[in-house]
Amino acid sequence: MTGYFEDYITVAVFAAFGALLVAVSVGASALLRPKNPSATKSQTYECGIDPVGGGWSQTHVRYYIFALLFLIFDVEAVFIFPWAIQLEALGMFALVEMIVFIVILLAGLVYAVRKGVLEWES
Amino acid sequence: MTAVLEAIFGNAFWSAVVKTVVVFAILMVNTLFLVWFERRVVAFMQNRIGPNRAGPMGLLQTLADGIKLFFKEQITPRKVELGMYLAAPVAAMIPAFLIFMVIPFGEPITIGNTVVTLQGADLNVGLLFILAMSSLAVYSIVLAGWASGSKYPLLGGVRATAQMISYEAAMGLALVPVVLFASIQIADGSVGVGTMSLSRLVELQQGSFRGFIPGWFVFWLLPSFIIFMIAAVAETNRAPFDLVEAESEIVGGYHTEYSGIRFAFFFLAEYINMFNVSAIAVTVFLGGWLGPDFGLPSGIAWAMPIMWFLLKTYALLFIFVWLRATLPRMRYDQLMTLGWKRLIPAGLAWLILFTLVQAFRSFGAPWS
């Protein structure tokens, strides 16, 4: 059990060290670099002309559909990794169960393709 | 000397600190070298010379660029969401560091009675940790794109959402057969419990069959390896999948509004990620640090596994660079088609096939 936590101590030390390094270099750079802001300089970039309209715009709903589909496949990974580790111990039952599960997922993907959800041109 | 080292590595906290500093130093030097390597190789492929002025053969070019970016003025546009804008480069760097930490880059070294693993931390859920951290990488890009309050970064960020998550699903599917295969390998001797620890996965690839073919997983899991590599290129936003920062379409993508050291962090994170995915592919499929030491004296032999690890990783990195120099960028609809209609169904089909073959090997035929 202590060994288990020791590994995560290293993870925490490493993450803290990384954050510290980034913070120190950003801070040191802020002290050393020149700073002459002007109204023109701090304009949003738009190929050299004055920006037209706001920076944010509506995005197409297609991106959202891919995010939804991804959720299904990511939840699948949650089931499938523990299964892959324990397959030998669980035996034939787990094998059949998982194949049924994967076939249902594949059927869902085929359905999405046939529905035209994954088509980029509409 | 030996006693001091033994005392340090015997203590959990000091061992963690020393490992952190060492792994960090390796990562940084390696990244500087990798940027030079890429620029140089691409240059030769395009019949140019590439950076050759700073230091011997231009080796210090990246360091010079880094120092230049460090002293540059940083322009913060008026429309940014300041908190998120400043957090995004940090969010890009930390997952990249953490992934490298779980990769074993050499054979464990014995100092006195203490065994020192050449690995930041040997997590028992190493593979899942890697998948989790590479999921976090998408946040930095989306945050940077959104917080810039500008049109091109927003487009880059939105593209990143759909691209990175799609290929992450494929990447996860490609790694399942590895875990499955490892659990069957272990089951030969003891109770069938698999592993996701990367150091155990390397140990399982020891030995050879027919005397000369090494026992690397890639020989059994070639389809997984191919799916993993394609997904890895897309996951790190490298050409031909670099739509997130496509400079001929959307200026610089998500980092258009970043300058100076903040830009440098995005740049570094991209190269660290590139090294990370190559190192993961080497560890999981190509036998990690395993390799012959040619019977060298033990004073040198301990460094051979590290050499093998770096050699294999740079062979894969050369492929990354080669792809960039060869292939044109894909269109977004082609990217999505490849991900969802080719890679994911292929990954699922290969998983079912491999599972059935493995089950046949360990449970016997259902009709017997």
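I'll start with one pair of helices. In α4(B), the residues M84(B), Y85(B), A87(B), A88(B), A91(B), A92(B), P95(B), L98(B) and I99(B) meet I130(B), M133(B), S134(B), L136(B), A137(B), Y139(B), S140(B), L143(B), A144(B) and A147(B) in α5(B). Contact here means that the C-beta atoms of two residues, placed from the backbone, lie within 7 Å. By class, this contact has 17 nonpolar, 2 polar and no charged residues. Nonpolar covers Ala, Val, Leu, Ile, Met, Phe, Trp, Tyr, Cys and Pro; charged covers Asp, Glu, Lys and Arg; the others, Gly among them, are polar.

Before going on, the source. This is a predicted model, where local features need pLDDT of at least 70 and side-chain atom pairs count only at pLDDT 80 or more, while totals for chains, interfaces and linings use all residues. Residues are numbered from 1 along each chain as its sequence is written, and chains are lettered from A and ligands numbered from 1 in the order in which they are written. The helix names come from DSSP runs, numbered from the N terminus: helices are H or I runs of at least four residues, and strands are E runs of at least two.

Back to the pair. α4(B) and α5(B), the latter being residues 126–147, pack at an angle of about 160°, with their axes 8 Å apart. The axes are lines fitted to C-alpha atoms, for helices over the stretch in contact, and the angles run from 0 to 180 degrees between N-to-C directions. The two helices, α4(B) and α5(B), are therefore roughly antiparallel. On this scale, under 35 degrees is roughly parallel, over 145 roughly antiparallel, 65 to 115 roughly perpendicular, and the rest oblique. The crossing of α4(B) with α5(B) is left-handed, meaning that the near helix is turned anticlockwise from the far one by less than a right angle; clockwise would be right-handed.

Chain A has a pair of this kind. α2(A), residues 62–90, and α3(A), residues 92–115, pack at about 160°, with axes 10 Å apart. That angle makes α2(A) and α3(A) roughly antiparallel, and their crossing is left-handed. From α2(A), the residues L69(A), I72(A), E76(A), W83(A), L87(A) and L90(A) meet F93(A), A94(A), L95(A), M98(A), L105(A), G108(A) and A112(A) of α3(A). The classes there are 11 nonpolar, 1 polar and 1 charged.

Now across the chains. How many residues of chain B are in contact with chain A? There are 71, and they touch 57 residues of chain A. The elements of chain B giving two or more residues to this side are α2 (12–45), α4 (82–101), α6 (151–187), α9 (260–285) and α12 (332–363). α6(B) gives the most, with 15 residues. The chain B side divides into 45 nonpolar, 16 polar and 10 charged residues.

One helix pair spans the two chains: α3(A) and α12(B) pack at about 165°, with axes 11 Å apart. That makes α3(A) roughly antiparallel to α12(B), and the crossing is left-handed. Among the residues in the contact are L95(A), I99(A) and L109(A) of α3(A), and I344(B), L348(B) and F363(B) of α12(B). By class, this contact of α3(A) with α12(B) has 15 nonpolar, 1 polar and 1 charged.

Next, the core. A nonpolar core is a set of buried Ala, Val, Leu, Ile, Met, Phe, Trp, Tyr and Cys residues joined through C-beta atoms within 7 Å. Buried means 20 or more other C-beta atoms within 10 Å of a residue's own, exposed means 12 or fewer, and partly exposed is in between. The largest core has 129 residues, and A170(B), V179(B), F228(B), A231(B) and A281(B) touch the most other members. The largest share, 20 residues, comes from α6(B).

Last, some loops. Most residues other than glycine have a negative phi, and most peptide bonds are trans. In the loop between α8 (222–235) and α9 of chain B, where P240(B) sits, the peptide bond from A239(B) to P240(B) is cis, with omega near 5°. N237(B) lies in the loop between α8 and α9 of chain B and has a positive phi of about 55°. Is N237(B) buried or exposed? N237(B) is buried, because 25 other C-beta atoms lie within 10 Å. N47(B), in the loop between α2 and α3 of chain B, has phi near 65°. N47(B) counts as exposed because it has 6 C-beta neighbours inside 10 Å.
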